[in-house]
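Hi everyone, thanks for coming. I'd like to walk you through a structure that may be new to you, so please have a look at it with me.

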Amino acid sequence: MGTVYDSIKPDHETFIREQHLFFVGTAAPDGHVNLSPKGHDVFRILSPNRVAYLDLTGSGNETSAHLSVLDRITFMFVAFEGKPLILRLYGRGKVVLPDTEEWEGLAPCFELMPGHRQMIVADIDIVKTSCGFSVPFYSYEGERETLLQWAGNKGEEKLTEYRKAKNATSMDGILTPIGEKFL
């Protein structure tokens with residue numbers, strides 16, 4: 001029932017922009033698969049075959065670790081309101097850290113939120129849609145501000161300490177690009 005495209009079409013872009021939540025999937029070569037939900041206005045379509053999202057500090061850093069050793073990435077957007085649809089973006093991803101030339105080029109695309117730690121950039125080679133007929137309806141009530149408040153209260157020095165303790169390696173022991181900075 002799915003339809004495959006070689007790029008993000010205008011109607012896909014409209015759908016993506018309307019979603020308040022997306023999911024990111026990556027996997028370690030010999031370790032775990034990770035699926036992360038992402039909220040806030042952090043996802044950007046840079047071109048029909050390139051996307052990025054601003055990644056905020058969290059309790060883990062699996063996506064970053066996985067991409068440092070295996071660059072496969074999948075994004076999923078699901079309609080919880082309105083017409084049913086599931087849209088997946090398949091591609092190759094990488095981590096872009098602050099204080100790099102690439103970061104400086106991408107940063108103007110985003111509102112830099114408290115706790116931002118890196119960007120995930122992906123070149124998309126397959127866009128796939130499917131019906132979403134079995135997805136239930138949910139109503140959007142608003143963003144949780146907890147993470148942004150937590151990061152704002154910590155401040156940059158304590159966030160750096162937190163990242164060193166919690167974001168330097170994955171659950172499978174893979175060193176992340178953030179972890180490499182602490183070596």
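How much space lies in the largest pocket? About 1,300 Å³, and do keep in mind that this is a predicted model. The pocket is lined by 49 residues, and the closest to its centre are His-20, Leu-21, Pro-37, Lys-38 and Gly-39. Helices H1, H2 and H4 each give two or more residues to that lining, and strands E3, E5 and E8 do too. H1, which runs over 10–18, gives the most, with five residues. By type, the lining splits into 20 polar, 18 nonpolar and eleven charged residues.

Now to the second largest pocket, with about 250 Å³ of space. Here 15 residues make up the lining, and Ile-16, Arg-17, Gln-19, Asp-41 and Phe-43 are the closest to the centre. H1 turns up again, giving two or more residues, as does strand E4 (43–47). Seven of the lining residues are nonpolar, five charged and three polar.

In soluble globular proteins, nonpolar side chains tend to be buried together. The largest nonpolar core in this model has 36 residues, and Phe-43, Val-51, Phe-75, Phe-77 and Leu-89 have the most contacts inside it. Among the elements that give it two or more residues are H1, E4 and helix H3 (101–106), while E8 gives the most, with six.

Which residues is Val-51 in contact with, leaving aside its neighbours within four places in sequence? They include Phe-43, Phe-75 and Leu-89, along with Ile-8, Ile-120 and Ile-124.

Technical notes:
Residues numbered from 1 in each chain as written. Predicted model: local features only at pLDDT ≥ 70, side-chain atom pairs only at ≥ 80, totals over all residues. Heavy atoms only, no water. 1 Å grid on protein atoms, 1.4 Å probe; cavity = no way out; pocket = protein on both sides within 12 Å on 5 of 7 lines; lining within 4 Å. Points joined across faces, edges and corners; volume = space filled by probe spheres on them. Helix = DSSP H or I, 4+ residues; strand = E, 2+ residues; numbered from the N terminus. Nonpolar A, V, L, I, M, F, W, Y, C, P; charged D, E, K, R; others polar. Core = buried A, V, L, I, M, F, W, Y, C linked by side-chain atoms within 4.5 Å. Buried < 20%, exposed > 50% of the residue type's maximum accessible area, 1.4 Å probe, protein only. Contact = heavy atoms within 4.5 Å.
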